[in-house]
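Open the model in a viewer and keep the sequence panel beside it. The stops below say what to select next and what is there.

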Amino acid sequence: MDQAAIALNRFGLGGLGDQDPPSEPRRWLESQFAAYQPAPAIIASQTGSARLIEMLREARDDRRERKDEARAAGTDPKPKDDNLPGPYRPLREVYIQAAGARITAALTSPAPFLERLVHFWSNHFAISIDKVSALGLAGAYEFEAIRPHLLGRFGDMLNAVERHPGMLLYLDQAESIGPESPLGTRAAQRGKQRGLNENLAREILELHTLGVRTGYNQQDVTEFARALTGWTLGGIAKQPALRGPGPKFWFAAVIHQPGTRTIMGKRYAQSGEAQAQAVLDDLAAHPSTAKHIATKLARHFAGDVVPIALVTRLEKTFLSTRGDLPSLYRVLMDAPEVWGGTAKFRSPWDWTLAALRATGIKSLPGKSAAGTLQQLGQPIWKPSSPAGYDDLAESWAGPDALVRRVEVAQRLAQRSGAGIDARKLAGRLFAGALSPSTAAAIQRAESGEQALALLLAAPEMMRR
Amino acid sequence: MLLHRRQILAATAASLLLPQVSFAKAATERRLVFVIQRGAADGLATLAPTGDPGYASLRGDLAEDLLGLPKLSGMFALHPALKQINAMYGARQALFVNAVGLPYRDRSHFDAQNVLETGGALPYDRPDGWMNRLLGLLPAGERGLAISATIPTALRGPVQVSSFAPSALPDASADLLQRVGSMYADDAQLHPLWEEAMQTRAMAGDLVGSNAKGALAAGKLIGSLMKGAEGARVVMVETTGWDTHAGQRARLNNQLEGLDAMLGALQADLGPVWADTLVVVATEFGRTAAVNGTGGTDHGTASLAMLLGGTVAGGRIVSDWPGLGQSQLYEGRDLKPTMGLDAAIGTAVAEHFGLDPAMALPQLFPGSKDPRISGLIRG
């Protein structure tokens with residue numbers, strides 16, 4: 001690939017069929033810092049998390065009522081079909097809309113390199129609609145906690161992420177209760193089991209900051225979970241003591257575990273919300289976090305086998321700038337390991353965007369966006385675990401996965417084939433780098449439509 | 001008889017490395033299905049030790065569905081959602097190995113799954129998976145298959161394997177598929193993947209594009225890909241959703257119902273082939289002995305493995321039960337592993353395929369530190 005193709009594909013989201021490649025690739029990347037929009041119109045018009053929490057509460061109430069009615073009528077309260085029960089349908093609609101907005105923003109953004117980084121961070125701090133409580137909030141989470149902090153500090157993004165209702169619900173933090181908190185004590189006196197949930201504490205350490213096997217132990221996880229008690233949502237709980245102000249993040253002193261915590265040998269004597277905040281601040285500045293983030297960024301841009309020297313430079317920059325994200329992005333822009341590295345196999349998300357951009361499509365209805373990515377194996381905001389989607393070729397280059405892409409390529413070509421000359425488009429997208437076998441396949445195609453399908457399925461399109 | 005070049009090469013290479021492995025009994029009619037439960041399935045609710053004096057108080061509300069159940073043995077009751085697995089147990093085609101663990105103890109899903117799938121002693125110790133190495137021990141040409149679009153770690157490695165999962169997309173035309181095949185002919189990465197995909201699609205027949213959904217359809221689909229001379233001999237199925245930190249009772253019930261329906265449908269679809277089949281169901285680690293503060297359980301240590309199928313010496317529970325007393329728990333919170341999960345899987349799989357476990361176990365699970373567990377498969 002030449003420099004323009006690397007800027008477009010490895011840094012960006014793929015070339016546009018109706019635009020020439022940038023003549024000055026490095027300057028084109030630099031210009032994106034000013035052009036990036038945290039909230040373009042299509043995203044600003046989506047439902048915000050305050051309303052979504054209300055909708056979630058309504059859905060839960062609705063479901064409860066339906067259950068009670070069914071029980072009174074003696075019917076099965078749990079319909080066994082694959083469709084979501086009615087109460088959650090409005091939230092499903094919000095998800096579909098937001099998925100469409102995400103694709104449209106990626107297709108029309110003046111800053112595709114930075115859009116790629118939005119997707120990177122959203123996946124690093126992944127939440128998943130596998131959990132029905134995250135269904136409506138998944139889009140709002142990315143739009144409210146990731147996008148506004150893309151050009152800020154890592155610690156700012158971390159703070160926004162761990163306080164966002166989407167994360168608090170997805171990793172069960174909203175329900176975690178200090179056993180010796182005022183409410184925990186009262187519950188215990190009445191013989192009720194109310195207490196800790198370690199889920200968020202563990203994943204902050206393992207996935208969001210330090211990384212796995214970096215020296216913390218089970219005791220540290222439990223202590224951090226205790227420090228985090230009280231970080232919850234207001235405006236959704238049934239219980240009056242937990243209703244709180246909202247609907248939004250709420251530090252609920254009534255469920256916070258009192259006392260000093262010791263995490264990785266350091267004592268945290270703060271009280272209230274400040275205690276877990278102090279832990280987060282230390283985690284955001286920790287050398288293990290710097291290494292973890294540096295490695296993931298290097299893998300995303302320089303190839304599956306990470307160049308150690310690049311990781312070291314990213315790590316040093318992370319520590320010396322106190323996690324300034326644009327400084328990290330500029331290390332990548334200056335890295336010969338990225339400009340000269342080996343190509344990455346495109347994830348289904350990356351391939352879909354590249355194919356849509358190549359064919360000049362500027363927006364996609366949410367339903368087709370969500371459906372296509374589902375079929376390609378990377379449903380939007382739906383990784384099967386909080387680790388997010390994997391960033392290695394082996395995770396995406398499967399036999400059946402390739403067939404799916406060819407099926408989608410055929411459908412895209414049917415939609416736009418007549419107006420596009422695949423031979424010209426191939427020249428624009430891959431210039432001198434087009435392989436003889438791809439060129440021959442396109443030349444010999446039986447129709448313009450088939451030629452376009454072949455171009456979209458070509459080996460050159462599968463990698464960035 | 002003409003031997004294919006690939007078979008000769010594979011046999012030579014294998015015999016150089018493993019002079020004592022006998023292929024004689026590696027009956028090609030044998031099938032293996034490995035069902036991984038990603039997310040740490042709760043063994044203490046799946047095969048509940050209701051006869052342990054500590055169980056009811058540790059588990060609180062979570063024990064309610066389980067305490068009154070009839071026991072399979074003096075100690076354990078099977079979760080009521082597992083109706084068909086219960087019937088297999090009655091027919092001596094289900095065996096449970098309880099309180100098993102991996103050499104890895106740090107409670108990260110992703111690291112532990114990596115150890116379970118690679119068979120290493122440490123996470124990311126090895127690049128290839130134990131199922132791929134198993135294929136290397138079987139006669140050349142036996143097919144490995146992942147029921148997903150891509151290849152999970154356990155099946156990754158030098159032996160080419162296939163992947164398949166039902167798709168709701170409109171089929172690409174046969175002509176386009178063929179042209180894509182020619183276009184990929186010189187691409188070292190895409191060409192072998194494409195060849196595998198085309199072979200598997202041919203086998204799946206009319207299930208391609210039928211948008212098979214749900215557990216019943218999945219079981220039937222897996223069965224259809226395993227039958228016949230060309231059917232896959234080594235199959236991996238991934239299940240998710242076992243990470244029940246909150247609201248475990250209802251969620252786990254649904255999960256187990258789905259697993260049970262899938263395996264029941266697989267048994268029905270395989271018909272006589274079930275007699276030659278071993279299904280291994282396993283998870284990366286267990287969950288805390290006690291219920292947590294949110295009606296769920298957190299990451300634990302020892303768990304449960306299930307062996308199902310016609311070759312299993314079933315109707316038994318194999319366990320060196322460590323007990324649930326506070327001093328008996330691992331780090332005061334988890335069920336203590338008393339047997340190796342890797343040793344159990346490795347030994348059973350070796351015996352199932354007629355391989356010598358003493359030779360095969362170090363190949364499949366080089367990280368295993370626990371003694372072999374023989375007799376899991378009918379002799």
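**Stop 1: a covered helix in chain A**

Begin with helix α12 of chain A, residues 218–228, which is mostly covered, with 8 of its 11 residues buried. The model is a predicted one. Then step just past the end of α12(A) to A:G230, where phi is positive, at about 105 degrees.

**Stop 2: chain A as a whole**

Zoom out and select all of chain A. This chain contains 25 helices and 4 strands. Its C-alpha trace spans about 80 × 60 × 35 Å along the principal axes. How does the radius of gyration of chain A, with its 464 residues, stand against that of a compact globule? A compact globule of 464 residues would have a value near 23 Å, and chain A agrees with this at 24 Å. Buried residues account for 54% of the 464 in chain A. Among contacts in chain A with a separation of 6 or more, 71% link residues 24 or more positions apart.

**Stop 3: chain B and its domains**

Switch to chain B, which has 12 helices and 11 strands. Of its 379 residues, 55% are buried. Residues 24 or more positions apart make up 73% of the chain B contacts with a separation of 6 or more.

Colour chain B by domain: domain 1 takes in 24–166 + 204–364, while domain 2 covers 170–203. The centres of domain 1 and domain 2 of chain B, taken over C-alpha atoms, are separated by 32 Å.

**Stop 4: a strand covered on both faces**

Within chain B, select strand β8, residues 277–283; 7 of its 7 residues are buried. On one side of β8(B) are B:T277, B:V279, B:V281 and B:T283, on the other B:L278, B:V280 and B:A282, and all of these are buried.

Which strands pair with β8(B)? Strand β1 of chain B (residues 31–37) runs parallel to β8(B) and is joined to it by 7 bridges. Strand β9 of chain B (residues 303–308) pairs with β8(B) in the antiparallel sense over 3 bridges. Centre the view on B:V280: this residue is the bridge partner of B:F34, and its own bridge partner in β9(B) is B:L307.

**Stop 5**

Next, pick B:A344. Apart from neighbours within four places in sequence, B:A344 is in contact with B:V97, B:V100, B:A305, B:M339, B:I373 and B:L376.

**Stop 6: where the chains meet**

Finish by showing both chains: 56 residues of chain B are in contact with 50 residues of chain A. On the chain B side, the elements that give two or more residues are α5 (109–118), β6 (162–163), α7 (174–183) and α8 (190–204). Of these, α8(B) gives the most, with 7 residues. Coloured by class, the side of chain B that touches chain A shows 21 nonpolar, 20 polar and 15 charged residues.

Methods: Residues are numbered from 1 along each chain as its sequence is written. Chains are lettered from A and ligands numbered from 1 in the order in which they are written. This is a predicted model: local features need pLDDT of at least 70, side-chain atom pairs count only at pLDDT 80 or more; totals for chains, interfaces and linings use all residues. Domain bounds come from an automatic or database domain assignment. Two residues are in contact if their C-beta atoms, placed from the backbone, lie within 7 Å. Ala, Val, Leu, Ile, Met, Phe, Trp, Tyr, Cys and Pro count as nonpolar, Asp, Glu, Lys and Arg as charged, and the others, Gly among them, as polar. A residue is buried if 20 or more other C-beta atoms lie within 10 Å of its own, exposed if 12 or fewer, and partly exposed in between; C-beta atoms are placed from the backbone. The radius of gyration is taken over C-alpha atoms; the globule rule is 2.2 Å times the number of residues to the power 0.38. Two strands pair if DSSP finds at least two bridges between them.
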